[in-house]
Amino acid sequence: MTALPVADTLACHQAVQLFLECATVPYDSVILVKQVPDTAHVTTDAMRADGTVNRGALPTIFNPEDLHALESALELRDRYGGTITALSMGPPKAADVLRECLFRGVDRVILLTDRRAAASDTLATSYILAQAVKTIGRFDFVFAGRQAIDGDTAQVGPQCAEKLGVTQLTYLEELVHVEEDVVRVRRNVGNGWEIVEAPLPVLITVMDTANEPRPPAARKALRHKRARIEAEVVAAVKAERKEASKDDQAIEVARRCKSLRERGLLIEQWNLDDIGADLQRCGLAGSPTKVFRVQSIVLTKEGYTEIAPTEEGARQLIQELVIDRTLG
């Protein structure tokens with residue numbers, strides 16, 4: 001073997017170093033998404049007597065800020081490579097938002113659905129989601145919307161970070177740069193912004209000012225529109241084969257699920273046992289938040305009244321709203 005001249009060896013070494021410096025490191029992301037009631041179309045049946053939301057009475061949508069979190073994860077993958085896993089907790093109908101994730105290019109989707117998780121408050125929800133993220137395995141980023149429109153607490157993301165033992169970066173407006181195991185972001189602080197850095201892994205909550213979510217890709221939508229979770233397959237078989245025995249129905253469910261799996265169209269469906277959850281920390285048992293009172297405010301007065309910007313005007317306003325029971 002002929003040795004290279006020193007100058008050529010040095011040039012090769014510098015070229016390799018330059019390549020290594022320029023090469024991007026792929027990052028694995030988990031995106032937390034939620035199907036929420038469409039609060040723009042609330043009906044009188046929206047609340048139950050115990051103060052919980054009657055989700056069955058409301059149309060549902062993809063939580064708006066979760067779409068921006070999803071876009072942040074997609075932009076990260078576009079720049080650096082890696083994978084994206086979308087995770088949602090909810091009833092079987094929540095598979096709709098996971099299909100939306102597939103339409104936008106997510107690599108893997110998981111629905112955690114279990115009746116034992118019903119009525120979970122933010123503490124229980126964050127515990128369940130954190131357990132699911134741990135079950136997924138290695139991750140560099142967890143993205144979530146700043147808050148969900150059905151609760152407006154902005155608590156689940158930070159609580160998940162605490163339970164995962166990772167740094168939280170809230171109110172993201174721009175993911176500035178990622179280099180090896182350090183991320184730099186710009187975050188909104190109300191009346192301004194700041195640039196912060198943190199070591200990976202991190203959990204990031206994203207604001208609706210961070211980006212413009214991309215629309216679903218037509219080709220991906222055509223590919224994944226028939227993706228289903230097992231619970232949807234079970235419901236379809238029961239509806240189509242009402243007269244069949246339970247054994248025959250089970251055989252048909254297994255056949256359809258196998259076909260979906262072979263085509264990459266079976267959405268993963270997990271329950272609390274799959275993630276090793278402590279049932280005492282889930283659902284009502286793990287939810288210390290209690291609804292003190294539910295009060296409906298009904299405007300009964302028609303038309304409008306002009307109120308003078310004076311002390312007497314303020315008294316008149318109070319008289320009309322409270323004493324005269326304009327607010328029923």
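Visitor: Where is the place of Ser120 in this structure?

Guide: Ser120 sits in the loop between β5 (108–112) and α4 (122–136), where helices (H or I, at least four residues) and strands (E, at least two) are DSSP runs numbered from the N terminus. This is a predicted model, in which local features need pLDDT of at least 70 and side-chain atom pairs count only at pLDDT 80 or more, while totals for chains, interfaces and linings use all residues. Residues are numbered from 1 along each chain as its sequence is written, and side-chain values use heavy atoms, with hydrogens and water left out.

Visitor: Why is Ser120 called buried?

Guide: Buried means under 20% relative accessible area, exposed over 50%, and partly exposed in between (1.4 Å probe, protein chains only). Ser120 has a relative accessible area of 18%, so Ser120 is buried.

Visitor: What does the side chain of Ser120 reach, and which residues is Ser120 in contact with?

Guide: The side chain of Ser120 reaches the backbone nitrogen of Gly283 at 2.9 Å. Contact means heavy atoms within 4.5 Å, and, leaving aside neighbours within four places in sequence, Ser120 is in contact with Met89, Thr125, Ile128, Cys282, Gly283 and Ser287.

Visitor: How many disulfides does a search of the whole structure find?

Guide: A disulfide is a pair of cysteine sulfur atoms within 2.5 Å, and the search finds zero of them.

Visitor: What makes strand β10 mostly covered?

Guide: Five of the five residues of β10 (202–206) are buried. Both faces are covered, with Val202, Ile204 and Val206 on one side and Leu203 and Thr205 on the other.

Visitor: How do you know that β10 pairs with β6 and with β7?

Guide: Two strands pair if DSSP finds at least two bridges between them. Five bridges join β6 (residues 141–145) to β10, in parallel, and Phe143 has Ile204 as its bridge partner in β10. Four bridges join β7 (residues 167–179) to β10, also in parallel, and here Thr167 stands opposite Val202.

Visitor: Which residues of helix α7 are buried, and what puts them on the same side?

Guide: In α7 (residues 230–240), Glu232, Val233 and Val237 are buried. They cover an arc of only 135° around the axis, which puts them on the same side of α7; the arc is that of the directions from the helix axis to the C-beta atoms. The buried residues of α7 pack against α3 (95–103) and α8 (246–262).

Note on methods. Polar contact = N/O pair within 3.5 Å; in protein donor to acceptor, adjacent residues only side chain to side chain.
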